[in-house]
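User: I have a protein model open and I would like to learn how to read it. Could you take me through the main features?

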Amino acid sequence: MTVLFISHKLREVRAISDTVTVMRAGTRVGTVPTADATERSLAAMMVGRDLTLDVARANDGRPTRITSLACGPARELFDVLDDDDHPELRATCVDSDNEALTYTQNIAHRAGVTDNISWVQANVVRLALGRETMQLRNQDLVYSVGLIDYLRDDLVVKLLDWIYD
């Protein structure tokens, strides 16, 4: 049986599928078994390039500073760091869930990349509303996988303002 599920929510796509076909501008870009696909590889297929590598290449050799808001397991960061030819990254994982942060710390330890990542327990919505503070040095990329899908538009604007400031 075939079920057609159209979504940009890559975590959901990976959770319910055996095979993923990516289309861009009405053309099939590729089909891959879900077991072989990561959120990063699917996102690169969707936009036509790897955004993390694009940002890193623009830094002329200096470390690329990346922050993942509501990081969860931060799979996409580890996808980049697992690549033998990965750019030099300094990542900050921000999440209100201590279990998520502990999980990513354990993965980073096993992968030997703890020097590349720092962890901050903070509530992203409270940060956006000014009810919590966090010092964040200038970043090359600040992102969140799926967080915006769960926020009202006014909170998204406040979050973008906080990131920009």
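Analyst: Start with pairing. Two strands pair if DSSP finds at least two bridges between them. Keep in mind that this is a predicted model.

User: What is the order of the strands in the open sheet?

Analyst: Read across the sheet, strand by strand. The order is β5-β4-β3-β6. That makes four strands, with parallel pairing. Neighbouring strands are turned by 15° against each other on average, direction ignored.

User: Which strands stand at the edges?

Analyst: Look for strands with a single partner. β5 (117–121) and β6 (141–143) each have just one partner strand, so one side of each is left without a neighbour in the sheet.

User: Which strands does α4 touch as it packs on the sheet?

Analyst: α4 touches β3 (64–69), β4, β5 and β6. Next, compare directions: that of α4 makes about 165° with that of β4. Another helix, α5, lies across β4 and β5. The angle between α5 and β5 is about 170°.

User: How many residues does the largest nonpolar core have?

Analyst: The largest nonpolar core has 16 residues. Among those with the most contacts inside it are Ala 74, Leu 77, Phe 78 and Val 113. Then ask where core residues come from. α4 (75–82), β4 (89–95) and α5 (98–111) each give two or more. With four residues, α4 gives the most.

User: Which residues does Val 113 touch, leaving out those up to four places away in sequence?

Analyst: Val 113 touches Phe 78, Leu 81 and Ala 108. There is also a second, separate core. This one has 13 residues, including Leu 69, Val 94, Ala 122 and Leu 155.

User: Is Thr 104 buried or exposed?

Analyst: Check the relative accessible area; buried means under 20%. Thr 104 has 0%, so this residue is buried. Its place is in helix α5. Beyond its neighbours within four places in sequence, Thr 104 is in contact with Gly 72, Pro 73, Ala 74, Phe 78 and Trp 119.

User: Where is Thr 34 found?

Analyst: Thr 34 is in the loop between β2 (27–33) and α2 (39–47). At 6%, Thr 34 counts as buried, because the cut-off is 20%. Its contacts, not counting residues up to four places away in sequence, are Arg 14, Ser 17, Asp 18, Thr 19 and Val 20.

User: How many bridges join β1 to β2?

Analyst: Six bridges join strand β1 (residues 19–24) to β2, and the two run antiparallel. Now look at the turn. This hairpin has two residues between the strands, and Ala 25 takes a positive phi near 55°.

User: How many salt bridges does a search of the whole structure find?

Analyst: The search finds three. Arg 90 pairs with Glu 88, at 3.0 Å. Arg 90 is partly exposed at 33%, and Glu 88 is partly exposed at 38%. Arg 126 pairs with Glu 132, at 3.3 Å. Here Arg 126 has 36% and is partly exposed; Glu 132 has 23% and is partly exposed. Asp 154 pairs with Arg 152, at 3.0 Å. Asp 154 counts as partly exposed at 37%, whereas Arg 152 counts as exposed at 53%.

User: Where in the protein chain is confidence lowest, and where is confidence highest?

Analyst: Read pLDDT for the chain, then by element. The mean pLDDT of the protein chain is 82, and 88% of its residues reach 70 or more. Confidence is lowest in helix α3 (residues 51–57), with a mean of 63. The highest is in β5, at 95.

Methods. Residues numbered from 1 in each chain as written. Predicted model: local features only at pLDDT ≥ 70, side-chain atom pairs only at ≥ 80, totals over all residues. Heavy atoms only, no water. Core = buried A, V, L, I, M, F, W, Y, C linked by side-chain atoms within 4.5 Å. Buried < 20%, exposed > 50% of the residue type's maximum accessible area, 1.4 Å probe, protein only. Contact = heavy atoms within 4.5 Å. Axes fitted to C-alpha atoms, helices over the stretch in contact; angles between N-to-C directions. pLDDT = per-residue confidence, 0-100. Salt bridge = Lys/Arg side-chain N within 4 Å of Asp/Glu carboxyl O.
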